[in-house]
Amino acid sequence: MLELERITARRNELDTLAEELAKQLAEVQAERERLVIAERVLRRLAEQDRAVAEAAAAVAPTAARVAGRAVLLIPHRGGTGDEAELPADYRKILAIVRAADGPVQDGAVGEELGLEVTVRGKLEPLRAKMTKLADRGWLHKRPDGRFAARSQA
C-alpha cells in the first residue's frame, strides 16, 4: 500500500507540474504571437521608409558637372532659381506657355518651336522638358496633361 501512495503522490506532483508547464507554454505562445505581429509591423514600416526614401531620391534634382562642380541643370523655382539660369530651350518653352491664353498641350508648344508635331517621337523630348519644368515648379501640369504658367510673383 505504501507504494500505491507514493505512486499517487508522484502522479499528483507531475499533474501539478504539467499544469504549470501548460500555463507557461500558453504565456510563451502568446508572447511569441505578439512578437510576430510586432515584427510584421516593423517590416512594413521599414518598407514604407525605404519606399519614401526611394521616392525622395527619384524626385531629387539631378546634378551635372560643369568645370568640376556639381550644378543643377534645371534649378527649382524660387530661392536662387532665376529664369536666366535655365537653358535657352527651357526659357523658350516657358515664354510660349506664358504667352498662351490658357493651359496648352505639348503639341501647341511644339508647333511654336517648329517641331514636326505629327511625328509622335518628336514631341516626347519636349513633353519631358515640360514635365521637368513642372516638377521644378516653373510650370503647372494639369491632370488633363496640359501645362499652365505659374504666376511670376
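Let's start with Arg146: its relative accessibility is 25%, so it counts as partly exposed. On that scale, buried means under 20% relative accessible area, exposed means over 50%, and partly exposed is in between, using a 1.4 Å probe and protein chains only. Arg146 pairs up with Asp144 in a salt bridge, and their closest N and O atoms are 2.8 Å apart. Asp144 is partly exposed too, because its relative accessibility is 41%. By salt bridge I mean a side-chain nitrogen of Lys or Arg within 4 Å of a carboxyl oxygen of Asp or Glu. In general, side chains of opposite charge can pair when their charged atoms come close.

A quick word on what you're looking at. This is a predicted model, where local features need pLDDT of at least 70 and side-chain atom pairs count only at pLDDT 80 or more, while totals for chains, interfaces and linings use all residues. Residues are numbered from 1 along each chain as its sequence is written, and side-chain values use heavy atoms, with hydrogens and water left out.

Okay, the overall layout. The chain has four helices and four strands, and along the sequence they come as α-β-β-α-α-α-β-β. Helices (H or I, at least four residues) and strands (E, at least two) are DSSP runs, numbered from the N terminus. Of the chain's 153 residues, 18% count as buried.

Back to the charges: how many salt bridges does the structure hold? There are eight. One of them sits in helix α1, residues 2–59, where Arg10 and Glu13 are three residues apart, about one turn of the helix. Their side chains meet at 3.1 Å, N to O. Arg10 is at 46% relative accessibility, so it is partly exposed, and Glu13, at 49%, is partly exposed as well. Why does that spacing come up in helices? An α-helix has 3.6 residues a turn, so residues three or four places apart point the same way.

Now for a salt bridge between two helices. Asp106 pairs with Arg127, with the closest N and O atoms 2.6 Å apart. This one links distant parts of the chain, since Asp106 is in α3 and Arg127 is in α4, 21 residues apart. Is Asp106 buried or exposed? Asp106 is buried, with a relative accessible area of 9%, whereas Arg127 is partly exposed at 25%.

That brings us to α3 itself, residues 106–113. Its buried residues are Asp106, Gly107, Val109 and Gly110. Looking down the axis of α3, they fall within an arc of 160°, so they line one face of the helix; the arc is taken from the directions from the helix axis to the C-beta atoms. On the other side, Glu111 and Glu112 are exposed. The cover over the buried residues includes α2 (88–99) and α4 (120–135). And just after α3, Gly114 takes a positive phi of about 85°.

Last stop: α2 against α4. They pack at an angle of about 80°, with their axes 11 Å apart. Axes here are lines fitted to C-alpha atoms, for helices over the stretch in contact, and angles run from 0 to 180 degrees between N-to-C directions. Among the residues that meet are Ile93 and Leu94 in α2, and Met130 and Leu133 in α4. Contact means heavy atoms within 4.5 Å.
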